[in-house]
Structure formats: structure tokens, C-alpha cells
Amino acid sequence: MIGKYSDIEKKWKKYWQDQATYKVDIDHDKPKYYVLDMFPYPSGAGLHVGHPLGYIASDIFSRYKRMTGYNVLHPMGFDAFGLPAEEYALQTGIHPAVSTKENMQRYREQLSNLGFSFDWSRELYTCDPKYYKWTQWIFTELYKHYFDNQTQRAHPIDELIKIFEKEGNTKVDVANTQDESFSASEWSTYDEVTREAILMNYRLAYRKVGYVNWCEELGTVLANDQVKDGISERGGHPVVQKAMTQWYLRITAYADRLLNDLESIDWSHSLKTIQRNWIGKSEGCSIFFNVKDSDETIEIFTTRADTIFGATYMVLAPEHDLVKQLTTDDQRESVEQYVAYVKSKSEVERMAEKEVTGAFIGAYAINPFTNTEIPIWIGEYVLKDYGTGAIMAVPSDDDRDKLFATKFGLEIIDVVDKSKYPGATLKDKVGVIINSGFLNGLEVPEAIIAAHHKVEELKIGKAVSNYKLRDANFSRQRYWGEPFPVTYDSKGIVNMVEQEHLPVMLPDTDDFKPGKGGQSPLSRITDWANPSVGISRETDTMPAVAGSSWYFLRYMDPHNDQEFASQEAVNYWQSVDLYVGGSEHAVAHLMYSRFWHKFLHDKGLVPTNEPFKKLVNQGMIQGVIEFIFLDKTIDTPKTFVSADLVEDLESNRYAKIPVHVDFVTNYGSPNSHLNSEGIEKFIAWRPEYTDAVFKFKEGTYQKNNAENSTGDKVNMLTLSEVGKMSKSKFNVINPDEVTAKYGTDCFRMYEMFLGPIEQSKPWDTNGIDGVSKFLKKFIELFYSNEEFNLDESSASSQELKILHTAIKKVRSDIENFSFNTSISAMMVAVNELRKLKCNKRQILDPFVRLIAPFAPFVSEEIWTLLGNKNSIHHADYPAHDESYLVEDQISYPICINGKKRGIEEFAKNMSNDDISKIVLELDYVAKWIDGKTIKRVIVVPGRMVNVVI
RNA sequence: GCCGAAGUGGCGGAAUUGGUAGACGCGCUGGAUUCAAAAUCCAGUUCUUUCGGGAGUGCGGGUUCGAUUCCCGCCUUCGGUACCA
């Protein structure tokens with residue numbers, strides 16, 4: 001019999017490596033095909049069973065493409081910068097570079113164990129200075145460019161400076177964050193600092209003030225992920241929004257192109273919709289409102305200028321620049337209280353807040369159409385970064401405004417009569433305008449246009465497009481990321497490090513604690529941060545999304561030290577033909593990559609306008625997440641409560657803290673709990689909870705406390721939820737154990753057999769036996785009496801039909817990424833060939849090639865036993881012959897009123913009339929008719945018969 | 001809240017354009033083999049039933065000769081929500 005799986009796998013892994021079976025180079029004689037996986041972040045937990053789902057699918061597809069004659073680029077690498085490694089360093093003192101290197105090594109081994117056909121000679125990782133040199137370089141190029149709205153592309157900033165010198169900024173139509181206008185002569189009087197500050201507002205990489213999650217107690221900035229229910233996940237301390245000057249990328253400049261070009265790419269409808277909604281283009285109008293007794297004006301954005309006569313108050317975002325200034329003394333206290341309340345909440349919490357909250361600031365604006373005074377409020381439902389951070393509130397025609405007005409007793413004036421449109425909601429832009437002066441009697445769509453004209457005529461605003469998309473915050477107050485290639489001189493003027501001096505190396509340190517006032521740990525490395533007198537470096541680092549925004553290009557030419565990739569390489573490989581990855585990257589990574597790619601395209605450095613032609617989202621393999629409850633009302637000692645003691649899971653009193661599933665007994669079941677051992681492991685893992693008390697029904701547990709309950713009596717129930725398998729949820733399951741037991745081919749096929757690739761499903765090792773048995777049965781076809789033995793005689797038509805049915809189905813299923821059904825098709829074929837005791841070469845030789853992309857090891861082994869010298873993975877993929885599949889008899893289900901009552905065989909070419917005649921004479925059909933009149937007989941050729949009575 | 005997706009036996013899932021609901025596999029039941037067990041093989045397995053049938057693809061409606069599939073209204077779960085990647 002065939003050898004042990006582990007021996008076979010070892011043998012062929014070595015062979016593929018020695019023979020460079022999967023290495024590719026530019027080859028103009030073959031069509032190219034680029035298959036890419038979203039590269040993994042190498043977490044300390046190792047690869048989990050969810051990761052390979054997409055990799056297996058893309059590997060099957062790559063192997064299929066290779067066997068059908070393509071030159072396939074199928075690389076792999078690592079997204080190696082990121083927060084978890086830094087958190088780990090803070091906990092353990094182990095340098096992120098060290099832990100990351102170890103983790104990558106582990107991933108590399110795990111990946112190669114899974115039999116993927118990666119060209120490892122092209123491997124890259126984002127924390128490699130040879131790689132991030134070019135990440136930094138692209139950043140400097142973004143800095144050196146601005147975006148022209150007319151040409152819809154990036155241009156060198158020098159061109160803009162020339163325009164300013166000639167005519168100031170009043171006529172330019174370019175993407176910007178510049179508020180004031182200036183003339184050419186004014187420009188000529190500006191000093192360098194002023195000019196640079198102005199240019200900053202036009203660059204594609206620029207600085208401005210943004211908000212971060214600030215935790216005073218920890219002295220650090222936190223990721224949204226590290227904040228739960230308004231407190232820090234680590235330690236449970238309060239978190240507030242704090243203003244900081246940071247780098248941003250002007251992705252909004254590309255909003256229209258990012259939106260329009262979606263039409264040119266083969267992505268799922270849902271993914272495109274997500275991106276479209278994320279960009280969130282809306283056509284509307286900006287309008288300036290005067291403020292009573294003040295020189296200030298407030299700019300609002302609205303898509304419903306037609307309802308302005310119903311604007312009875314205004315709402316500003318609590319962070320709006322004018323709030324402080326416009327708040328009257330008698331309102332100051334309540335406003336400050338309210339602003340503090342809002343600052344304690346994250347944006348998601350603000351949006352999800354069902355309770356209506358707000359505060360009156362004491363000032364009044366003038367409605368420019370009615371000339372009435374309307375009160376100015378602040379409210380959390382208005383976001384600083386959306387639109388202008390201020391709205392005119394029309395409570396009669398907007399749901400949220402209505403709730404707000406009702407709660408605070410504000411005036412409501414009906415301005416849209418919807419009586420002509422029964423069933424229309426406030427969201428529908430229909431109705432006839434009333435109570436609105438010159439707009440009265442107009443239908444809403446015409447009224448919107450009329451209102452826009454009026455606004456422009458009065459010079460109080462203009463029709464504009466607004467986007468939900470915001471510029472990307474590109475600064476992280478962290479150590480483990482790409483350093484910015486940026487220095488500041490004594491005047492604060494920015495200098496980009498030139499290409500010949502790149503990369504700016506990330507300095508070494510053994511102290512990863514944050515700097516003063518939330519600065520990056522790099523600020524503590526003073527000789528690096530201040531390289532010479534009067535010169536300081538940017539000490540923030542780039543986010544993880546930086547390195548992943550262009551890595552797909554680097555794979556084309558990964559070792560180039562002169563350019564990010566050669567023109568020869570990018571012109572041959574063009575762009576990614578098939579990209580496989582999780583839909584959780586739908587907006588961040590996939591939006592930024594498209595943006596960077598378009599920018600490089602503008603510079604003529606890549607030939608394509610879009611980076612990923614076709615994209616397939618693999619679903620997530622879900623895991624079980626286990627939580628315990630932290631009582632937020634008790635500060636010392638920290639107190640955890642068993643899940644069965646928490647009456648209201650939604651209550652604000654408790655914070656859900658995820659626990660590593662390895663610590664939990666009976667995980668995933670209703671009885672999942674921590675015993676004393678589990679609690680000790682939890683404490684060792686989360687030292688900040690060393691002194692915590694754990695309360696459960698039967699008693700309490702606290703480390704080193706003599707009064708502890710012991711043994712089985714410690715029953716700290718955990719809450720189990722199905723959710724994503726992720727390093728941050730501590731619930732990963734390792735594929736190594738599975739492959740060790742069943743073999744890699746079996747693991748690969750089982751993951752595919754679980755269900756459709758794009759669907760999420762919880763992991764369950766039960767069931768893998770079926771695939772294991774199938775592979776055994778398949779191998780047994782080649783053996784008789786323990787000997788490898790094939791019949792050289794010609795196959796019967798029945799055998800050929802079985803084979804070609806499978807070939808046809810498997811091929812079309814691969815093209816459709818329906819791998820679960822292709823595996824069932826092969827199972828069916830094996831079962832049938834087994835019944836026929838078929839061991840003919842004419843059948844089994846194509847069959848082993850058919851299965852090769854799925855089971856690369858076993859098929860390679862059998863391929864040599866069949867006497868072949870070259871790898872099966874460069875053999876030809878079988879094609880089906882339709883002539884073996886024709887049927888002369890077709891079986892029809894016979895239905896009475898749509899319900900199946902029997903099955904009959906008819907000749908393929910029999911006419912509908914003949915069929916219905918025979919059907920009506922059948923005994924059981926006659927019994928159903930039984931005196932009733934036959935209304936119709938429907939014969940669907942080749943499908944079914946339905947008798948309607 | 002907003003955006004996207006999913007919901008079919010005990011479980012994972014299958015079902016070209018609207019045409020046999022439950023392919024394939026797990027599990028379970030019974031049998032064969034065995035001193036016994038594992039493994040293997042064979043048969044059965046949506047529920048219900050007065051054994052004629054009846055019901056059934058998250059829930060409630062609708063279109064149709066016929067709906068898992070199309071339309072309207074809900075419910076639940078999952079992903080994203082801009083600093084996890």
C-alpha cells in the first residue's frame with residue numbers, strides 16, 4: 001500500500017523545493033496569471049484553522065491554472081508590523097523584531113506543511129527595511145503631490161506653487177483642507193513657514209489635528225480594539241478623546257475615481273456596495289448661517305436644502321471649533337459637562353446610542369431664508385468629521401431631528417406634504433413643499449434644485465458633493481511600525497528624507513513604553529529623535545495598513561533595490577488577476593490599496609488603474625469566544641463575576657473580557673467555565689488582574705487567599721459566543737494537530753468540503769473522517785491485493801461516463817469557486833468506480849490529475865507510481881468529452897398539482913404530447929384524477945411533468 | 001444606529017434560468033465480520049400519521065400550474081463601522 005502520509009509529504013516537499021517546482025519568472029511564451037492571498041499578520045498564536053481556508057482555495061485555483069497552461073505567480077509574505085507584537089513586548093520585554101521573526105518562521109513552516117504552491121523566492125515582509133524603504137518612498141511621493149480635480153489625477157506640488165505665484169489660490173480646483181484664500185501678491189509676501197503651512201493643506205500626505213483614544217492612567221493612546229465600553233480593555237481605566245496633530249493621507253481626493261472605477265472590476269456585488277456606501281457620495285448644498293451677535297458663521301451641509309424653512313434649530317458636533325466660543329456663560333457648565341460625556345464615548349457608541357442627548361449652548365443662528373433666530377445645540381449624533389460637523393435641523397422631515405426636537409421641546413414646522421404619497425417615510429425624497437415661501441407647491445426634487453439656486457444667488461453657499469469617506473489618519477503613537485521619513489527644522493518646517501537616504505531605519509530599543517503625553521516610544525530614544533541641533537524627527541510611526549497598501553506590486557520584483565519594482569515586471573504581471581481574502585478587509589485595506597495603486601498609476605509607474613481585477617471573499621472559520629464579566633462599579637480589588645450571576649448581559653455595569661479558550665473547561669458548551677487552574681492561567685496571562693476577586697455561585701477565588709474554594713468547587717462560568725477566530729479573541733485552533741492526524745491532503749479537502757468558500761461557518765473537527773475515507777477509497781482503486789496494479793484494457797462506456805461527469809463538474813466548480821461540490825462530485829465518482837471494481841489506467845490516469853490541485857501530495861506519489869518522471873503539477877488537466885455523457889432515456893418526476901407522485905422514464909426525443917398522453921394513463925395518476933377535471937398538463941422538456949387538477 | 005451577508009434534517013451542507021427539497025459527508029439505528037473491540041462492509045435515517053396521507057427550506061403575507069429560488073413586511077445571527085489586521 002501507499003506509504004505513510006507523513007513520509008509522502010516530507011518526500012514531495014523536499015522534491016518541490018529541490019526542483020523549484022513552483023518558481024516562476026517572466027515568460028512571454030505563456031499567458032500570465034497572478035493569484036494572490038491576503039498576506040497574514042504573523043500572530044503569536046500561530047496559524048489557525050481559519051487562515052488556510054482562503055489559501056487552500058487560491059492554491060487549488062493556482063494549481064488548476066498552472067495545469068491548464070498559465071504562468072502562475074502565486075507568492076506569499078507577511079504583514080509584519082502591528083500592535084500585537086508591541087503589546088507582547090510591553091508584557092514580556094521581548095523585542096517585536098524577535099517575536100515577529102519567530103512567528104514568521106512558524107507561519108512559514110505551517111504554510112509549507114499545508115502543501116501550498118507558493119514561490120517562496122519572492123517572499124516579503126513589511127518590517128524588512130529593504131521593503132519599508134519603498135513604503136517610506138511612496139509616502140514621500142504622496143507628500144510631494146497634490147490632486148487636481150479637473151484632470152482627476154495627482155500632480156507634483158511644484159506645479160501648484162507656480163500657480164500660487166501667478167494667481168494665488170482663488171481659481172484653483174484642487175483637493176485641499178485650506179480655508180483662507182490668497183492672491184498671488186499675498187503669496188509673495190508670505191514667509192517660508194506660512195507657505196509651508198498652506199502647501200500642507202494641498203499635499204496628498206499632510207498634517208492636521210485629529211482625535212485619539214487617550215488613556216491617562218496607562219499614559220498611552222489606545223486602538224479602538226483596546227477600548228471596550230468606554231474603558232481600556234487592559235486595566236479597565238477611563239478613555240477619552242484627545243486632540244493631536246497627526247499625518248493624514250488625502251484619500252478623499254480620489255473619492256470619485258474610487259467610486260466610479262468599481263464598475264470596472266470583478267468583485268462581489270456586496271463588496272462593491274460596501275465600498276460605495278463607505279465612500280458615501282451625496283449631492284447637496286453647503287450653506288452658511290450667521291450667528292446672532294457674532295461675526296462668526298456656521299457652515300452646514302445638507303442634501304435637503306428644500307426643507308430649510310423648517311430648520312428650527314442647529315446642531316453642532318460637540319467637538320466643533322466654534323462651540324467654546326459661542327457658548328454663553330450661563331450655559332457653559334452644562335455644555336462642558338456634555339462635551340466631557342461625549343468625549344468619553346467612541347464613535348461607534350455615539351452612533352449606536354439610542355437615547356437622544358444634547359445641550360443648548362445659549363447662542364442663536366439666523367435662518368437665512370426665514371430670518372428667524374434659531375437656537376444652536378450640540379449633540380452626539382452630529383459627527384465632527386462628516387460634512388462640516390454642523391447641521392440645520394429640520395424636525396418635521398428627519399427622523400433623528402424629530403426625536404431630538406421632541407425630547408427638548410423644540411419647534412416643529414411641517415414643510416413637506418406627503419399626503420400624495422401614502423406609505424412614504426421621512427427618508428423618501430417625495431412630497432409637495434408647504435409653509436416655505438417661494439418653494440411652496442414644488443415637488444421635492446424641483447424644490448431642492450430651486451433652493452440650491454437661491455443659495456447661490458444669495459451667495460450664502462453652493463451646491464457641492466459631500467463624501468462620507470474621510471482622510472486616512474496615518475500616524476500611530478507606537479514603536480512597531482515604519483518610521484516616517486520626516487524631520488522638522490527649528491521652525492517646524494517639514495523635510496522629507498530623500499530616496500538615496502532611505503530607508504529611515506527603525507531604531508533599536510528595549511523600552512517600549514509610551515513617551516510623554518501620548519507620544520510614541522521613539523520619542524524616548526533622544527539621540528535618534530534629535531539627530532542634530534535644531535533638527536527633530538517625526539517619532540510617530542505608520543499604521544499597519546501602510547505596508548499592505550502596495551505589497552502586491554513588490555511580489556512582481558521583490559529584490560529590486562533601485563525601484564519599488566521594475567517596469568519590465570509590472571508591465572508583464574500587470575495586476576492581480578485573482579485576490580482571495582476576508583471581507584473584513586472590505587474597506588480599510590482594499591480602499592487604501594486602490595488609492596495607492598491609482599496614485600502610482602498617475603505617476604506612470606504601474607500600467608493598470610486598479611490593483612485587483614477579481615476578488616473572492618472567503619468566509620471566516622468561526623470559533624467560540626469565551627468571556628468573563630468585570631464589574632466596573634468596583635475599583636479595588638478588580639472583581640470578576642461568573643456569567644450565571646450576571647442578570648442583565650447588556651447592563652452597563654459589566655465589561656465583557658475575553659479569556660483565552662485554552663484556559664476554559666468544556667469550552668463552547670453551556671457549562672464552559674474556569675476552574676482554579678484556569679483562573680491561575682488567566683492571571684499569569686493578564687498580570688494586571690493578579691489581585692482580582694472571582695465571584696461565582698459556590699464561593700470566591702483570589703490568588704494567594706487561604707479562604708479560596710478549591711478544586712471542582714471553583715466554577716467561574718464563562719459566556720460562550722460564536723465569533724471570528726482571531727488573535728484578539730484568543731480562540732484559535734491550530735491546523736498542525738489536524739494535519740498530523742489525517743494528513744495534509746485530507747485537511748485541505750475537508751476545509752473545502754465544509755461548505756461554500758464565501759460563507760462563514762464554525763470549526764468542527766468531527767466530519768473529517770468522511771474525507772479521510774474518501775481519500776483511502778480513492779487510493780485503493782489503484783491497488784489490488786496490496787499491490788499497485790492497473791488494468792490496461794479499454795474502459796467501458798459506463799466507466800467513461802462516470803469519469804467525464806466528474807471532470808465536467810469539477811472543472812466548472814473550480815471556475816466558480818465551488819470547491820465543496822467539486823469534492824462531492826469526486827466522491828460520487830469514487831463510490832461508483834468502486835462498485836464497478838474499476839482499476840483501468842484509462843480512467844485512473846485522468847482521475848489522479850483531476851484530483852491533483854486538491855490533494856497535491858497523494859496525487860504526486862501516485863503519479864510517479866504510474867511511471868511518470870515529471871511533477872503531476874505541470875501535467876495537463878483533464879478535459880471532458882461530451883460524447884460520453886449523452887443519455888437516450890430521461891427520467892421525469894410526475895407531479896400532481898406540483899407535488900411529486902412518481903417517476904417515469906421517457907425517450908429523449910419523445911414529444912410533449914406523447915409524454916402527457918402516457919402520463920394520464922398511468923394507474924396512480926388516474927387514481928389522483930379520480931373524476932376531477934384536468935385543467936392543464938405541463939411538460940417541461942427534460943425536466944418534469946405537472947398535472948393540474 | 002448605519003452598511004453588508006447568512007438562516008434548509010441531530011450537524012456541515014446540495015439543489016443550472018422558478019421545475020423531484022435534503023446530493024455528498026458527519027452523526028445515529030440495525031445487520032455482517034470478530035473471542036471481543038477498533039477498522040471495514042451492507043441497509044436505513046426531515047418530521048408526523050389512523051399508513052390513505054399530511055406538513056416542511058427563520059417568521060407573516062403575495063405572485064405562479066409550480067417558490068429554498070421572485071416581490072413586500074418582520075425576526076435572529078455574523079462581519080464592518082475609519083487606531084486589531
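How far from a sugar or linking oxygen of RNA strand B does a polar side-chain atom of Arg-476 lie?

Modeller: The distance is 3.2 Å for that atom of Arg-476. It is a polar contact, meaning a pair of N or O atoms within 3.5 Å; within protein, one must be able to donate a hydrogen and the other to accept it, and residues adjacent in sequence count only if both atoms are side-chain atoms. The model is predicted: local features need pLDDT of at least 70, side-chain atom pairs count only at pLDDT 80 or more, and totals for chains, interfaces and linings use all residues. Residues are numbered from 1 along each chain as its sequence is written, chains are lettered from A and ligands numbered from 1 in the order in which they are written, and side-chain values use heavy atoms, with hydrogens and water left out.

Two further contacts stand out. Leu-754 puts a polar backbone atom 2.4 Å from a sugar or linking oxygen of RNA strand B. Asn-946 reaches a base oxygen instead: a side-chain N or O atom sits 2.7 Å from it.

Now the wider surroundings. There are 67 residues around RNA strand B, and Asp-79, Asn-224, Leu-754, Met-827 and Asn-946 come nearest. A residue is near when one of its heavy atoms lies within 4 Å. By class, the surface has 28 nonpolar, 21 polar and 18 charged residues. Nonpolar covers Ala, Val, Leu, Ile, Met, Phe, Trp, Tyr, Cys and Pro; charged covers Asp, Glu, Lys and Arg; the others, Gly among them, are polar. Helix H26 (residues 819–835) gives the largest share, seven residues. Helices (H or I, at least four residues) and strands (E, at least two) are DSSP runs, numbered from the N terminus. On the RNA side, 65% of the atoms within 4 Å of the protein belong to sugar or phosphate, and the rest to bases.

Last, strand E1 (residues 32–37) of the protein. Six of its six residues are buried, so E1 is largely enclosed by the rest of the structure. Buried means under 20% relative accessible area (1.4 Å probe, protein chains only). Lys-32, Tyr-34 and Leu-36 are on one side of E1, with Tyr-33, Val-35 and Asp-37 on the other. E1 pairs in the parallel sense with strand E2 (residues 71–73) over three bridges; pairing takes at least two DSSP bridges. Tyr-33 has Val-72 as its bridge partner in E2. Three bridges also join E1 to strand E23 (residues 576–582), running parallel. There, Leu-36 stands opposite Tyr-579.

Key
Buried < 20%, exposed > 50% of the residue type's maximum accessible area, 1.4 Å probe, protein only.
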